[in-house]
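User: I'd like to learn how to read a few local features in a structure. Could you walk me through some, one by one?

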Amino acid sequence: MSSTPSTVERAFEAALYADSDAALDTGASLLASDPASDTELARRGEEFVEGAWRRGWQPADVVRIVRRELDDTHVRLVSALILDESRRSEQPRGPRWTAQLEELTAGAAGAAGAAGAADAAGASGTKARPRTEPRTDRFSYATAVLGLYRLLLRLPSIEPLEVDAPRAAAGGPKDFRMLTRIRALLAKAEATGFPEEAEALSAKAQELMARHSIDEALLAARTHAKDAPGACRIGVDPPYETAKAVLLDAVSGANRCRAVWNEALGFSTVVGFEPDLEAVELLYTSLLVQATAAMTKAEAAQRAGGRKRTKSFRQSFLAAYAHRIGDRLAEAAEGQVTAGEGELLPVLAARDVAVADETERMFPATVTTRLRGVNDAAGWEEGAAAADRAQVRARPPLR
């Protein structure tokens with residue numbers, strides 16, 4: 001004798017396996033009429049999150065795809081599910097996974113603080129800011145939850161990343177201070193309105209990243225640490241994502257990493273040793289911010305002169321920026337290798353081989369892509385000039 005399906009099961013059967021809004025409405029009506037189903041609904045949501053982990057996804061990946069495909073309400077819902085699942089999970093996770101959870105926790109705390117401030121402002125009679133999480137009726141809430149679960153259910157399997165391996169190198173207070181200083185330099189480079197100052201700050205940050213990478217590589221070699229390449233995923237968001245992926249590939253290559261772009265899911269997987277992965281994340285993010293600021297300024301000047309082709313100008317600008325940065329970083333990378341001496345060269349060569357082997361293992365079949373739709377001469381010239389201003393010089397010789 002079969003048991004009667006629960007309200008949640010009937011709602012899932014109605015809503016999760018069809019694409020229409022009508023299907024979501026049917027499932028949401030069932031859930032909205034049965035408050036006793038809320039506990040089971042939340043538990044099933046955590047199961048969907050666990051299923052995403054088994055298919056290779058990580059917290060930041062899931063939040064990124066939800067933000068891309070749905071809206072802020074769904075992002076808040078999935079963030080809460082991920083944090084709840086993490087509190088109950090006993091499976092050990094690595095530093096990157098932990099950092100992603102900490103970022104979600106900070107975001108949730110900030111949202112709660114903003115909502116509390118809004119409530120306090122309303123209670124005091126002053127003009128209140130909109131709530132970060134507006135109150136909603138049960139039907140709307142159930143509709144949002146089912147829309148999220150439908151997306152989580154359909155996430156494809158992707159290349160799994162190592163999540164339980166500790167960082168092999170020093171990673172102590174000195175390491176933390178170095179990364180803090182690098183981030184501060186890049187933040188100043190992004191904020192300044194003077195190209196020469198941005199160039200100097202970015203160059204100094206690159207020097208520190210290079211020194212950090214060399215120090216950790218030599219330490220691992222001297223102590224015979226079981227150091228191995230890892231991987232991380234970096235979002236490559238529209239618009240103009242092909243140019244952004246090319247920029248990320250250039251930054252990765254200059255830092256002895258390899259990047260593989262998944263256009264359909266909006267991210268690149270970068271393979272490399274931990275210090276180099278950190279350098280890629282920091283430098284790519286900073287250069288993208290600088291490129292966007294320079295593009296906005298150049299575009300405004302073009303519009304003041306009567307130009308109207310904004311999309312074409314931006315596409316060509318970012319394509320030229322990525323191309324030119326790639327050239328300059330390739331030159332810098334060559335200088336970094338020739339600047340090494342003694343024990344450094346074989347250490348770096350061994351790491352290059354290890355990164356290539358790991359990339360081949362993770363991605364045995366890849367294809368190349370090329371930029372399309374680059375046909376604005378002014379945008380190309382402005383983008384190349386901006387890349388020149390954002391140049392990073394080669395790492396200094398070891399002393």
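User: Let's start with Gly 107. Which helix is Gly 107 found in, and is it buried or exposed, or something in between?

Analyst: This is a predicted model, so keep in mind that what follows is computed from predicted coordinates. Gly 107 belongs to helix α6, which covers residues 95-123. Buried needs under 20% relative accessible area and exposed needs over 50%. Gly 107 has 44%, so it's partly exposed.

User: How do I read a helix pair? At what angle do α3 and α5 pack?

Analyst: Look at the angle and the axis separation together. Helix α3 (residues 38-54) packs on helix α5 (residues 72-88) at about 80 degrees, and the axes are 9 Å apart. Angles of 65 to 115 degrees count as roughly perpendicular, so that's the label for α3 and α5.

User: Which residues of α3 and α5 meet?

Analyst: From α3 you get Ala 42, Gly 45, Glu 46, Val 49, Glu 50 and Trp 53; they meet Leu 81, Ile 82, Asp 84, Glu 85 and Arg 88 of α5. Sorted by class, the α3 contact with α5 has 5 nonpolar, 1 polar and 5 charged residues.

User: Next, aromatics. How many aromatic pairs does the structure hold?

Analyst: There are 5 aromatic pairs. For any pair, check the ring-centre distance and then the angle between planes. Phe 12 and Tyr 149 sit 5.9 Å centre to centre with 80 degrees between the planes, an edge-to-face pair. Phe 12 is in helix α1 (residues 7-15) and Tyr 149 is in helix α7 (residues 138-153), so this pair ties together parts 137 residues apart in sequence.

User: What about Phe 48 and Tyr 149: what kind of pair do they form?

Analyst: A tilted one, at 5.2 Å centre to centre and 50 degrees between the planes. Phe 48 comes from helix α3 and Tyr 149 from helix α7, so here the linked parts are 101 residues apart in sequence. Put together, Phe 12, Phe 48 and Tyr 149 make one aromatic cluster. As for burial, Phe 12 is buried, Phe 48 is buried at 14% relative accessible area, and Tyr 149 is buried at 3%.

User: Where is Arg 256 placed, and what is its phi near?

Analyst: Arg 256 is in the loop between α10 and β2 (258-262). Its phi is near 60 degrees, again positive in a residue other than glycine. Arg 256 is buried, with 13% relative accessible area.

User: Last one: which residues is Ser 252 in contact with, leaving aside its neighbours within four places in sequence?

Analyst: Ser 252 is in helix α10 (residues 241-254) and is buried, with a relative accessible area of 0%. Beyond those neighbours, Ser 252 touches Cys 257, Arg 258, Ala 259, Val 270 and Val 280.

Methods. Residues are numbered from 1 along each chain as its sequence is written. This is a predicted model: local features need pLDDT of at least 70, side-chain atom pairs count only at pLDDT 80 or more; totals for chains, interfaces and linings use all residues. Side-chain values use heavy atoms; hydrogens and water are left out. Axes are lines fitted to C-alpha atoms, for helices over the stretch in contact, and angles run from 0 to 180 degrees between N-to-C directions. Helices (H or I, at least four residues) and strands (E, at least two) are DSSP runs, numbered from the N terminus. Angles under 35 degrees count as roughly parallel, over 145 as roughly antiparallel, 65 to 115 as roughly perpendicular and the rest as oblique. Contact means heavy atoms within 4.5 Å. Ala, Val, Leu, Ile, Met, Phe, Trp, Tyr, Cys and Pro count as nonpolar, Asp, Glu, Lys and Arg as charged, and the others, Gly among them, as polar. Rings of Phe, Tyr and Trp (its six-membered ring) pair if their centres lie within 6.5 Å; planes under 30 degrees apart count as stacked, over 60 as edge-to-face and the rest as tilted. Buried means under 20% relative accessible area, exposed over 50%, partly exposed in between (1.4 Å probe, protein chains only).
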